[in-house]
Amino acid sequence: MEQIYSEGIESGELKKAKASALSMAADGIKVDKIAHYLNVSTQMVQKWIDESMSVLQ
């Protein structure tokens with residue numbers, strides 16, 4: 001039960017980080033800075049941006 005709770009918290013935190021990353025990217029902040037601020041990998045940030053761009057097309 002506790003593991004499910006922890007996974008839910010982690011999932012929510014990643015969703016919030018993704019939303020923040022996309023907002024920062026829209027403001028022109030570089031991927032490496034976004035990753036640093038959100039404490040995630042640059043690859044993760046780039047993946048979120050790429051996914052977002054593919055949805056818009």
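The model is a predicted one.

Lysine 18 pairs with glutamate 51 in a salt bridge, with 3.4 Å between the closest N and O atoms. Lysine 18 belongs to helix α1 and glutamate 51 to helix α3 (residues 42-56), so the bridge ties together parts that lie 33 residues apart in sequence. Glutamate 51, at 30% relative accessibility, is also classed as partly exposed.

Glutamate 51 takes part in another salt bridge, formed with the side chain of lysine 47 at an N to O distance of 4.0 Å. Lysine 47 and glutamate 51 are both in helix α3, four residues apart, so about one helical turn separates them. Lysine 47 has 46% relative accessibility and counts as partly exposed.

The count of salt bridges in the model is two. Lys18, Lys47 and Glu51 are linked through them in a network. In general, side chains of opposite charge can pair when their charged atoms come close.

## Methionine 24

Methionine 24 sits in helix α1, which spans residues 2-26. Its relative accessibility is 17%, so methionine 24 counts as buried; the cut-off for that class is under 20%.

With neighbours within four places in sequence left aside, the contacts of methionine 24 are Ile29, Ile34, Tyr37 and Leu38.

## The chain as a whole

The secondary structure consists of three helices and zero strands. In sequence order the pattern is α-α-α. Helix α1 holds methionine 24, and helix α1 also holds lysine 18, the partner of glutamate 51 in helix α3.

The chain has 57 residues, of which 14% are buried; methionine 24 counts as buried.

Definitions and conventions:
Residues are numbered from 1 along each chain as its sequence is written. This is a predicted model: local features need pLDDT of at least 70, side-chain atom pairs count only at pLDDT 80 or more; totals for chains, interfaces and linings use all residues. Side-chain values use heavy atoms; hydrogens and water are left out. Helices (H or I, at least four residues) and strands (E, at least two) are DSSP runs, numbered from the N terminus. Buried means under 20% relative accessible area, exposed over 50%, partly exposed in between (1.4 Å probe, protein chains only). Contact means heavy atoms within 4.5 Å.
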